[in-house]
Amino acid sequence: MTPAEYQALTSPKLSHPARSLYQLYLRHLARGDHTQPLDYPLLGKALAVQGAGEYRYRVTPMALTGLVDELLEAGLLSVVQNPHPQHYHGAVFSLPLKRLDGLAPLPSRQFAMHPEWRPDEQFAGLARLCGLLDSQFDESELGEFIAYWLGRPEVFENQHQWMLKLVRKLKNQRSIKRTPAPQDKGGYQQLPPKTDSGPSKRAREMMAEARRLSPDNQEDRNEEDA
């Protein structure tokens with residue numbers, strides 16, 4: 001198993017039946033980098049769990065299609081030929097992560113984090129596989145990572161798994177840095193609130209006209225005429 005396959009198979013998004021389908025049937029019986037044509041009845045029997053004269057777990061054709069969809073989404077399978085668009089009975093798949101170049105087999109030795117730990121030459125390829133195109137990091141980022149796990153001496157991982165943890169940390173940090181500042185919906189610029197500059201010119205003219213026509217003002221004019 002390659003590190004790329006291990007990473008995909010250990011994803012929490014992948015169900016246990018999907019892992020079993022890949023490891024115990026599809027990969028085990030593959031012809032080179034391609035699976036044999038999928039046989040739904042045979043797959044159902046291979047994944048069924050029987051005990052005490054009855055099935056404790058059975059896989060329906062619809063469930064098999066869902067398991068294959070999980071493996072496709074995880075990148076463990078790629079369609080080569082599928083004669084039926086509604087399901088995968090008779091379909092042939094490639095195993096892209098099985099033939100991925102540049103990654104060595106998984107090391108078996110696990111160890112606790114130590115101050116001298118460093119990623120190896122496989123780190124850049126592993127980072128690209130995880131979607132981290134810029135795998136460069138400075139000593140402060142690495143030191144923070146090491147210091148965090150030094151405080152958890154009960155955690156034992158192999159070299160590949162430690163590098164995966166570092167990739168996830170770098171991805172999280174950079175996604176936070178690149179998060180844009182919140183903007184108003186629609187992208188409109190917020191205008192400063194208008195200040196109260198008093199009545200408009202038209203309003204002042206109307207007020208003056210009203211005062212001129214008021215009864216008090218009319219009486220004053222009558223007295224002047226008298």
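User: Let's start with Leu76: which residues does Leu76 touch, leaving out those up to four places away in sequence?

Analyst: Leu76 touches Glu5, Ala8, Leu9, Leu14, Tyr22, Leu71, Ser94, Leu95, Pro96 and Leu97. Contact here means heavy atoms within 4.5 Å. A word on the source: this is a predicted model, where local features need pLDDT of at least 70 and side-chain atom pairs count only at pLDDT 80 or more, while totals for chains, interfaces and linings use all residues. Residues are numbered from 1 along each chain as its sequence is written, and side-chain values use heavy atoms, with hydrogens and water left out.

User: How do I read a nonpolar core, and which residues touch the most other members of the largest one?

Analyst: The general idea is that in soluble globular proteins, nonpolar side chains tend to be buried together. A nonpolar core is a set of buried Ala, Val, Leu, Ile, Met, Phe, Trp, Tyr and Cys residues joined through side-chain atoms within 4.5 Å. Buried means under 20% relative accessible area, exposed over 50%, and partly exposed in between (1.4 Å probe, protein chains only). In this model the largest core has 26 residues, and Leu21, Leu71, Leu76 and Leu77 touch the most other members. Two or more residues come from each of α1 (3-9), α2, α3 and α4, with α2 giving the most, 5 residues. A second, separate core has 19 residues, including Phe123, Leu126, Val155 and Met163.

User: How are α2 and α3 arranged, and what angle do they make?

Analyst: Two packed helices are described by the angle between their axes and the distance between the axes. Helices are DSSP runs (H or I, at least four residues), numbered from the N terminus. Axes are lines fitted to C-alpha atoms over the stretch in contact, and angles run from 0 to 180 degrees between N-to-C directions. For α2 and α3 the angle is about 110°, with the axes 11 Å apart. That makes α2 roughly perpendicular to α3 (65 to 115 degrees). On the α2 side, Pro17, Ser20, Leu21 and Tyr25 meet Leu42, Leu43 and Leu47 of α3.

User: Is Ser20 buried or exposed?

Analyst: Ser20, in helix α2 (residues 16-26), is buried, with a relative accessible area of 16%. Beyond its neighbours within four places in sequence, Ser20 contacts Tyr25 and Leu47.

User: Where do α3 and α4 meet?

Analyst: Tyr40, Leu43, Gly44 and Leu47 in α3 meet Pro61, Leu64, Thr65 and Leu67 in α4. The axes of α3 (residues 40-47) and α4 (residues 61-73) come within 10 Å and cross at roughly 85°, so these helices are roughly perpendicular to each other.

Key
Angles under 35 degrees count as roughly parallel, over 145 as roughly antiparallel, 65 to 115 as roughly perpendicular and the rest as oblique.
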